[in-house]
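I set out to record what I looked up in this model, beginning with the charged pairs and ending with the pocket.

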Amino acid sequence: MSERDVFEYALLRVVPRVQRGEFFNAGVVVYCRARGFVAARTHLDETKLKALDPTADVVGVRAALRAVEGVCRGGADAGQAAPDDAGRRFRWLIAPRSTVVQPSPVHSGLTNDPEAEVERLLDLLVR
């Protein structure tokens, strides 16, 4: 059995009408400091989005979710966050904001495979 490391994660919530405070989960961001790992996976349920706001900008929400994945990947996809390490990119993504895509509070756990954890949490909490 390989060594397990602490990881942190936050859900990505879609809040179509911020003033109403209604949301649903559309992704997860996982960070493991010990492995310098940060990744996000998303899944937008358009039916839920349209149920909360029939006039929602689906293309805009998808773009916002893709941007989170890009920041996690780093490099050119990360924009201004490109030179930052995984921890700084994670902290930037989980900062509270009042936009259509918002992070949840941060949770933690132990894992021996952060990449698999991203997929497990996406299946468990989003899909």
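**Entry 1. A pair within one helix.** I began with helix H4 (residues 114-125), where Glu117 and Arg120 stand three residues apart and are therefore separated by about one helical turn. I note that the model is predicted. These two residues form a salt bridge, with the closest N and O atoms 2.6 Å apart. I then looked up how accessible each partner is. Glu117 counts as buried because its relative accessibility is 8%, which falls under the 20% cut-off. Arg120, with a relative accessible area of 43%, is partly exposed. I also noted a network in which salt bridges with shared partners join Arg41, Glu115 and Glu119.

**Entry 2. Pairs between elements.** How many salt bridges does the structure hold? I find nine. One of them joins the side chains of Glu8 and Arg91, at 2.8 Å from N to O. Glu8 belongs to strand S1 and Arg91 to helix H3, so this pair ties together parts that lie 83 residues apart in sequence. I recorded Arg91 as partly exposed, at 39% relative accessibility.

I next examined Glu46 and Arg62, a salt bridge whose closest N and O atoms are 2.6 Å apart. Because Glu46 lies in helix H1 and Arg62 in helix H2, the pair ties together parts 16 residues apart in sequence. Glu46 counts as partly exposed at 36% relative accessibility, and Arg62 counts as partly exposed at 32%.

**Entry 3. Helix H2.** H2 has 16 residues and reaches 23 Å from its first C-alpha to its last, close to the 22 Å expected at 1.5 Å a residue. Which of its residues are buried? I list Val58, Val61, Leu65, Val68, Glu69, Gly70, Val71 and Cys72. The cover over these buried residues includes strands S1 (5-14), S2 (24-32), S3 (37-42) and S4, together with helices H1 (46-52) and H3. Just after H2, I noted that Gly74 takes a positive phi of about 80°.

**Entry 4. The largest pocket.** Helix H2 (58-73), helix H3 (86-93) and strand S4 (101-103) each give two or more residues to the lining. Which element gives the most? H2 does, with four residues. By class, I recorded ten nonpolar, two polar and one charged residues in this lining.

Note on methods
Residues numbered from 1 in each chain as written. Predicted model: local features only at pLDDT ≥ 70, side-chain atom pairs only at ≥ 80, totals over all residues. Heavy atoms only, no water. Nonpolar A, V, L, I, M, F, W, Y, C, P; charged D, E, K, R; others polar. Expected span 1.5 Å × (residues − 1). Buried < 20%, exposed > 50% of the residue type's maximum accessible area, 1.4 Å probe, protein only. Contact = heavy atoms within 4.5 Å. Salt bridge = Lys/Arg side-chain N within 4 Å of Asp/Glu carboxyl O.
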